Amino acid sequence: MNNNLYEPDNYPQLLLLLSYLQAHDYQFTTISPASHEKVNARAENSLATKLSDIFGWNRPFNPENMDADLFTLMQSAQIALKVANGWKSLLRVSSLNNQLFLHSAYPTLANSCVFFGPDTYRFAHSINHFLTSCDQPIQRAVDIGTGSGVGAAVLALALPESEIIGVDINEDALQLAHINIDAEDIQNIELVQSNLLANVKGNFDLIIANPPYLIDESERAYRHGGGQLGAALSLDIVESAIQRLNPNGSLLLYTGVAIVDGYDAFLAEVQQKLNMAGFTYQYTEIDPDIFGEELVNEPYRCADRIAAVVLTARKTA
């Protein structure tokens with residue numbers, strides 16, 4: 001691990017929390033914020049009654065109705081917050097591939113929030129699918145915008161002999177990724193605070209990314225893609241790949257795009273960039289309709305829909 005990373009005072013306690021949850025067979029699949037709000041609004045869900053209510057659904061809980069040692073651990077980890085109708089956890093925990101990942105509490109309102117949701121599961125699936133068909137050796141790979149560390153962890157476990165780097169501009173994300181990775185005892189990941197690849201030297205055999213792709217009025221880092229309809233950051237990652245991939249190296253980009261009158265402006269710009277750089281590529285729309293609630297907001301009033309897409313591109317030798 002990168003020893004220059006700031007380690008929060010609650011690092012050992014959060015490791016113990018993940019160990020406790022693993023020992024108690026904790027599982028939670030994180031859904032979209034819009035769906036989460038609807039489920040939590042049900043009258044019977046006003047208070048937590050089990051571990052997944054506390055750390056998954058992020059509902060208020062009564063300490064008297066839970067393991068006293070767990071509540072003490074939460075307090076020592078500084079993630080137990082007193083609220084009007086009980087207590088709430090300041091972090092959530094989601095499961096993926098039998099691993100647990102700490103991330104931000106619901107709702108994710110702050111700029112520095114660390115997001116985990118349906119996109120995370122699609123991204124992890126896309127990485128595994130890519131690796132099953134990849135015919136080139138991968139000695140060095142980077143996960144741009146690693147967040148809670150999911151992409152880097154998926155790569156590191158599949159490629160234990162490879163050097164994996166996870167970069168993020170958000171220090172809070174790196175702190176949680178650090179804990180999530182250490183909890184699984186993954187040894188071949190280095191975490192670096194960086195805007196794209198600015199603070200990372202050298203080239204790569206594989207670049208992966210699941211960047212923010214929406215227009216967010218508050219411009220929260222985990223959500224705001226910038227540019228026209230949120231595509232700017234995704235396009236910057238394509239440019240980074242053009243510059244920093246080794247010959248025969250690949251880019252795997254999972255992102256969201258706004259379709260306007262049936263036209264995908266992001267694809268058109270990507271095609272121009274990759275054709276000029278001599279890349280081969282494949283572009284797949286894996287879900288035609290995500291974040292439908294955004295279509296009533298001003299930036300998307302012109303859009304038909306927002307689609308989830310996967311771009312795989314290879315730099316020719």
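The side chains of Asp53 and Arg59 meet in a salt bridge, with 2.9 Å from N to O; the term covers a side-chain nitrogen of Lys or Arg within 4 Å of a carboxyl oxygen of Asp or Glu. Asp53 counts as buried at 2% relative accessibility, and Arg59 is buried with a relative accessible area of 5%. Buried means under 20% relative accessible area, exposed over 50%, and partly exposed in between (1.4 Å probe, protein chains only).

This is a predicted model, in which local features need pLDDT of at least 70 and side-chain atom pairs count only at pLDDT 80 or more, while totals for chains, interfaces and linings use all residues. Residues are numbered from 1 along each chain as its sequence is written, and side-chain values use heavy atoms, without hydrogens and water.

The structure holds 12 salt bridges. One of them joins Asp216 and Arg220 at 2.7 Å, N to O, and both of these residues are buried. A network of salt bridges links Asp216, Arg220, Arg223 and Glu294. Glu298 and Arg301 also form a salt bridge, their closest N and O atoms being 3.2 Å apart, but both residues are exposed.

The largest nonpolar core has 40 residues, of which Ile127, Leu155, Ile189 and Tyr300 touch the most other members. Such a core is a set of buried Ala, Val, Leu, Ile, Met, Phe, Trp, Tyr and Cys residues joined through side-chain atoms within 4.5 Å. Helix 6 gives the largest share of this core, six residues; helices here are DSSP runs (H or I, at least four residues), numbered from the N terminus. Apart from this core lies another, of 31 residues, among them Tyr26, Phe28, Val39 and Met66.

Methods. Helices (H or I, at least four residues) and strands (E, at least two) are DSSP runs, numbered from the N terminus.
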